[in-house]
Amino acid sequence: MTGSGRYPYVGALAALGALVAVYLAGTQAVHFAPEGTQVATWWPAAGISVSLLVLAGRPRWPVLTLGIALAITAANITGGRALEVSVAFGLANAAEALVAGLVLTYGSRRARFESLDDFLRLVGASIAGAAVVATGGALTVAELLGGDFFDTWRYVWASHAASTLVIVPVALTLGRKAHDRRLAELAIQATALLAVTLLVFAPQQHLAIAFAPLPLLVWASLRLGVRALTWELLGTSVLVTGLTAAGHGPFAANVANGVSTVSGAGAMAQLWLLSAALMSLPLTLTVEQRGQLLDAVTAREELFRRNFTKSLTGMLLLKPQRERLEIVDANEAALRLIGEETGRLVGRYLDRVVDQPALVRSAAQEILDGHRDGWTAQLGLVDRPRIRVDVSVSLISGGDDPVLAAQMLDVTAEHHARARIEAAEQLTSATLDTAACIIMVADMSGTVVRVNAATCGLTGFSEDQILGRPVWETIVPAYRVSLVKEIFSSPDGAAVPGSREADVARADGGLLRVVWNNNIVFDDDGRAAYVVMTGIDVTAERTAAGLIDHLLRASNTTALVGIDHLGCISLFNSGASALLGWDPDEVVGMPFTDLLDPDELEARTAGSAWPGTFAALVESVGDQGETPVQDWTWLAATGARPTVSMTLSVAADAPAARNGFLCVGRDVTEQRHSQAMLITALETERRAVERLRKLDAAKDEFVSTVSHELRTPVTSIIGYTELLTDGSIVKPDPAQLPLFDTIARNGERLITICNDLLMIGELESGGVEMARETVDLSDLMKYAEASLVQLARGRHLGLDVDEPTEATVVLGDRMQLERVLENLLSNAVKFTEDGGEVTVRLTRTDTEARLTVGDTGIGIPDEEQAGLFQKFFRSSTAQAKAIQGAGLGLSIVSGIVSGHGGRVAVRSAHQEGTEITVVLPLHRT
């Protein structure tokens, strides 16, 4: 069982100890219950139970809840209560712990007793849990013991709520650091609290001074921290409850005077404890949070001071004096920039440092009045008139004593350079801006370097949106981007056409039809430098001609509806008739909105001044010339309601004269239905794939974990088997030696399987780092010959190792390549029956080395060879003959060879042997 967040791990032994504590606390509470009562004065087992569930975590709650029920039942039986009463109390206590635990762990963050929110959750948990157990306990007492339901409910609720409210904070603060620097104060305060509590609840003490310990608990809340307070509350609770149960103190005095019952005195003590906790716990949390906030503010102030002092930008700290800003501090960069010493600069007003005092005072007043967040301007310095600085003023703290900061950056060089450029461009700008046509200048890569005012006016793009960007990213429609890029692909401008008519994209999404004339400007060396593009807008002329042509050539599958300026239908083509079933003579003159679903029209034009009308419908046309394409529900003559993809565009013979509108619609009912079905199917498939991926990852993690966990105990088994075999501990009986050999052999086999599983996992995750060294495969043939002799010991097999005469060098990991060879040889020997033959050959070409291991064994059926290199694959022939193996060897071979940039080839057939070839690239020196 584990906790989460900052809580320590709660192991099985700790949980068992907590359950024992629940039992002991319950037994003592029942034992010391006042005579003649059915309930205990205090029930600390409740707080311990809730703490156990909160610290353990929800996955272990079912077992722990059962344990709590059994512990409480046993405690009641030990205390002398009947079995049925004990069981009822046990179940009620378990339900209380579960409800309180759910409240404390609700949501993504469980209560940690670090804030007032945690305290409120604790109070809620105490109230809810106590109400559950009080109801169960009162019913039990009333039904089984004949007691009073309401009195029992009050007593049980008070004892359990006090227990949870006092004990759970102690558990939640375990491991939290105490205030070590206040140990002396803690000792004095704790001693005073103990003395006052003993005095107030002393024998024969009947004065109503139960309030006396409370100021000492407030002392702990304010000075000693959460952890000290929670422990003091717990100690005070035990002391007050014990003394009251023994008949001492002011609450027990009411019993002696006949004012209340013994149980009533206990309930009064618990209510006193609830009051003490409700008073002190939120207070100490507030104090602790305030301290943390103060530390954070102090740290931020220190960081600000370091940044201020070391900043390379000139910075001033300012305080307002009426409408002026007084300099109260300056960093070194600001002193160098202004040319003053600290003593002479501090105390001056900012408007006396820069050359525009009225502007500074006005901006400062607007910032202080809250009309603006900050202010930036380029100004000159009074004492250094040739210097220009960017000044940025902002408010860094408000309130009654506001503080502002000013940042100053030297931009003198940029200012003078800009002045020269502006003077040079003034004449050119005046010329270009007087032209009514589009004029753009671009370099040979297509980046715009100049535009005139007419370009911005016609296209709707601002100058900033066009300058410095390629032509095709602003005014070029998407369908012409590739063509325009090709025009600027030639450095000498050979691909730039002299004249052309093309569409131009507007900022609002509309299009202009423009006739372009282009010229190339050459530099002094005769190289193409710029392209000057001049365009004349012919949109109006082309629109009038294009509308008529569009109407005449419209397809019967497209609905075209002409609408006059009053919103009535003036044109209804054959496509519209086929879609809606209306004859053109029937609908001409009818309001266009009668074709649309009225509820849909009302909903989509609700924000208009004329909802549900044609005027509201065409509001979205605006200056763009057409509405966005949108699906609408139309009303057919047959009663059908097709879904139509529709757009409304302006039909005009001049840009400023609208004569009507044209509606273009296309039936997309079936298409939208198919799209919805496709989206649903794709989402279903995505979820299925995601589930399979998670299952595969969980399987790999499980196999890796099991392999790790198995390898350690199996290694120990083999080690101890060797000790038993060689007689290091005791001389073995000769009859035992074959048994020891069997244990060791099977242990080694299990370790090999574990290693293979781990190797597979590392290969799949990319965790295997292959060495990059030169390896002569000819040397591996000697290793192959020795391995074959060892593997074939006791078998009748023919072994043939063909060693090459020249070096065959590859770049790779020698140990991993030996593992590849060992796996192939092991398979060949294992799957070849006695009397067969195993061969090993190494050949080479100009670029590749080919290592082939063949056998005359049982072979692999053709239909099963596709899964040969998958994990855990075993052929049906191997399974039928019960040949041992985990099916991992060839998977490892494939992974290692792939990591070396090679490949594996297989040639086999059922009962005809197998030949596996590893192909690796040769190393080129």
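Guide: Welcome! The model is predicted, so local features need pLDDT of at least 70 and side-chain atom pairs count only at pLDDT 80 or more, while totals for chains, interfaces and linings use all residues. Residues are numbered from 1 along each chain as its sequence is written, and side-chain values use heavy atoms, with hydrogens and water left out.

Visitor: Why is arginine 388 called buried?
Guide: Its relative accessible area is 17%. The limit is under 20%, so arginine 388 counts as buried.

Visitor: How do you know that arginine 388 and aspartate 355 form a salt bridge?
Guide: A salt bridge needs a side-chain nitrogen of Lys or Arg within 4 Å of a carboxyl oxygen of Asp or Glu. Here the N to O distance is 3.6 Å, so the pair qualifies. This pair links distant parts of the chain, with arginine 388 in strand β4 (residues 388-397) and aspartate 355, 33 residues apart from it, in the loop between α13 (342-345) and α14 (357-368). Helices (H or I, at least four residues) and strands (E, at least two) are DSSP runs, numbered from the N terminus. Aspartate 355 is partly exposed, because its 37% falls between the two limits.

Visitor: What makes arginine 604 and glutamate 600 a salt bridge?
Guide: Their closest N and O atoms are 3.8 Å apart, so they pass the test too. Both residues lie in helix α22, 4 residues apart, which is about one turn of the helix. Glutamate 600 has a relative accessible area of 18% and is therefore buried, whereas arginine 604, at 35%, is partly exposed.

Visitor: Why is threonine 73 called buried?
Guide: Threonine 73 has a relative accessibility of 12%, so it falls under the limit of 20%. Its place is in helix α3 (residues 61-78).

Visitor: What does threonine 73 touch, not counting residues up to four places away in sequence?
Guide: Contact means heavy atoms within 4.5 Å, and threonine 73 touches Ser86, Val87 and Gly90. The C-alpha atoms of threonine 73 and valine 87 are 5.1 Å from each other, although the two residues are 14 apart along the chain.

Visitor: What makes Leu13, Leu16, Val20 and Leu24 a patch?
Guide: Patch residues have over 30% relative accessible area and no salt bridge; nonpolar side chains (Val, Leu, Ile, Met, Phe, Trp, Tyr) are joined within 5 Å, and like charges within 9 Å. Valine 20 has 41%, so it clears the 30% limit. Valine 20 lies in helix α1 (residues 12-31). Together the four residues have about 410 Å² of accessible area, a kind of value that comes from the Shrake-Rupley method with a 1.4 Å probe, where only the protein chains shown count as cover for residues.

Visitor: Why is the patch with Glu785, Asp800, Asp802, Glu803 and Glu837 called negative?
Guide: Asp and Glu count as negative and Lys and Arg as positive, while His and the chain ends are not counted, so these five residues make a negative patch. Each charge is placed at NZ of Lys, CZ of Arg, CG of Asp or CD of Glu. Glutamate 803 has 34% relative accessible area, so it is over the 30% limit.

Visitor: What makes the phi of glutamine 911 worth a look?
Guide: Most residues other than glycine have a negative phi, and most peptide bonds are trans. The phi of glutamine 911 is near 65°, a positive value. Glutamine 911 lies in the loop between β21 (903-908) and β22.

Definitions and conventions: Buried < 20%, exposed > 50% of the residue type's maximum accessible area, 1.4 Å probe, protein only.
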